[in-house]
Amino acid sequence: MKKVLLLFVMIVAGLATNAQHLGKSYRLKKVIPVLGRQGIAIDKEYYYVSDTEALYKYDKEGNMVMKNLQPFQHPEIVNHFGDIDIFNGEIYCGVEKFAYGRGQNIAVSVYDAKTLMWKRDFSWESGSGQVEVSGIAIDREKNRIWMSDWVDSRYVYGYSLETGTYYSKMQCRPVPYWCQGIFIADGKILFTADDGEATYKIADNIYMADIGQVPYTGLKDGEQFAVVDNKPVKTPGKIAAGALGGRLTLFREMSDFRRTGEIEGLSIDPVNDDLVVLNNRGTQILLGMSQGPLTEEGYTAEVHELYIYEKVK
């Protein structure tokens with residue numbers, strides 16, 4: 001019995017060691033250039049990076065070990081990855097057809113972490129009110145998946161990880177301006193907030209909210225709204241039955257980027273709790289899309305970098 005108890009304690013301790021935990025203070029450790037410009041997910045051995053239309057796998061020294069340049073099962077209806085997450089050997093990616101500030105055909109695509117190949121999809125619930133997907137985060141404690149919305153960052157939207165069914169949504173107060181990525185650890189959700197421009201070199205930020213207790217609300221019968229010929233049109237349909245009011249606080253100002261630009265995805269390393277943030281620099285951005293390099297500063301193309309921060313305390 002003592003041996004069994006000791007083994008159980010060791011297993012629990014091992015799980016706790018490999019779980020991601022937030023810190024209060026971080027110090028920049030290194031910067032790694034990558035090809036992807038959207039999202040970052042991390043397991044024990046690798047960094048997984050999403051580009052708008054590709055997936056990349058890097059070792060933790062920054063060497064690319066694999067890529068998938070044709071990841072979409074239906075490229076005729078989707079053209080965009082956002083921020084990503086990884087759980088139990090699977091990469092969860094928000095996909096959509098995105099162009100100049102609007103998203104369509106939203107879904108969650110799941111890829112095998114070993115091969116970067118597609119495995120399955122589950123769709124979003126239009127009645128939730130979500131109109132775009134900029135990021136995916138797994139709540140490993142509650143077995144839920146959450147999606148952020150760049151077009152309307154007032155809410156994040158939760159689903160059951162087991163069934164893919166809509167669970168509830170949380171209102172972000174105050175609203176993180178143009179949310180690009182999310183991550184969940186210790187019952188908290190982190191948001192990367194992009195200010196939408198790089199001209200004035202104002203730092204982007206990461207915000208945090210408590211997401212540990214979110215009651216189920218689901219959907220109810222109601223009226224959905226649409227705009228047709230510049231007129232509001234009501235149609236019967238399912239709508240969100242409720243929402244939780246969340247309170248956001250500043251987690252970190254990203255004033256130590258080499259140059260401010262467009263903050264994107266973020267993640268925490270399960271091995272050492274490093275905070276890893278993806279940032280793009282060197283181009284002008286209009287409605288979420290690059291408009292060419294800042295040639296007056298010497299850039300010839302956009303630069304994508306992972307900023308690796310070690311937890312100080």
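The structure is a predicted model, in which local features need pLDDT of at least 70 and side-chain atom pairs count only at pLDDT 80 or more, while totals for chains, interfaces and linings use all residues. Residues are numbered from 1 along each chain as its sequence is written, and side-chain values use heavy atoms, with hydrogens and water left out. The predictor's confidence in each residue is given as pLDDT, on a scale from 0 to 100. The chain has a mean pLDDT of 91, and 94% of its residues reach 70 or more. Over residues 2–17, however, the pLDDT is below 50, and this stretch has three contacts in the model beyond near neighbours in sequence, a contact being heavy atoms within 4.5 Å. Where pLDDT is low, the predicted coordinates should not be read in detail.

Side chains of opposite charge can pair when their charged atoms come close. Here a salt bridge is a side-chain nitrogen of Lys or Arg within 4 Å of a carboxyl oxygen of Asp or Glu, and by this rule the count comes to 16. One of them joins the side chains of R27 and E310, with an N to O distance of 3.0 Å. This pair links distant parts of the chain, as R27 is in strand 1 (residues 26–34) and E310 is in strand 25 (residues 303–311), 283 residues apart. Strands (E, at least two residues) and helices (H or I, at least four) are DSSP runs, numbered from the N terminus. R27 is partly exposed at 46% relative accessible area, and E310 is also partly exposed, at 26%. In these terms, buried means under 20% relative accessible area, exposed means over 50%, and partly exposed lies in between (1.4 Å probe, protein chains only).

Where does R37 find its partners? The side chain of R37 meets that of E262 in a salt bridge of 2.6 Å, N to O. Because E262 lies in strand 21 (residues 262–268) and R37 in the loop between strand 1 and strand 2 (39–42), this pair ties together parts that are 225 residues apart in sequence. Both residues, E262 and R37, are buried. The side chains of R37 and E264 form a salt bridge too, at 3.7 Å from N to O. E264 is likewise in strand 21, so its pairing with R37 in the loop ties together parts that are 227 residues apart in sequence. E264 is buried, as is R37. Together with E302, these residues belong to a network of salt bridges that links R37, E262, E264 and E302.

T283 is part of strand 23 (residues 283–286) and counts as buried, with 6% relative accessibility. Leaving aside neighbours within four places in sequence, T283 has contacts that include A198, S290, A301 and E302. G282 sits in the loop between strand 22 (275–281) and strand 23. G282 is buried at 1% relative accessible area, and its contacts, not counting residues up to four places away in sequence, are G292, P293, L294 and Y299. Its C-alpha atom is 8.6 Å from that of T260, a residue 22 places away in sequence.

Another buried residue is E96, with a relative accessible area of 0%. E96 lies in strand 7, and its side chain reaches the backbone nitrogen of V133 at 3.1 Å. Not counting residues up to four places away in sequence, E96 touches several residues, among them V78, H80, N105 and E132. Y100 has its place in the loop between strand 7 (90–99) and strand 8 (102–112), and is partly exposed, with a relative accessible area of 46%.

Finally, M66 lies in strand 5 (residues 64–68) and is partly exposed, at 27% relative accessible area. The C-alpha atoms of M66 and Y56 are separated by 5.9 Å, the two residues being ten apart along the chain.

Key
A polar contact is a pair of N or O atoms within 3.5 Å; within protein, one must be able to donate a hydrogen and the other to accept it, and residues adjacent in sequence count only if both atoms are side-chain atoms.
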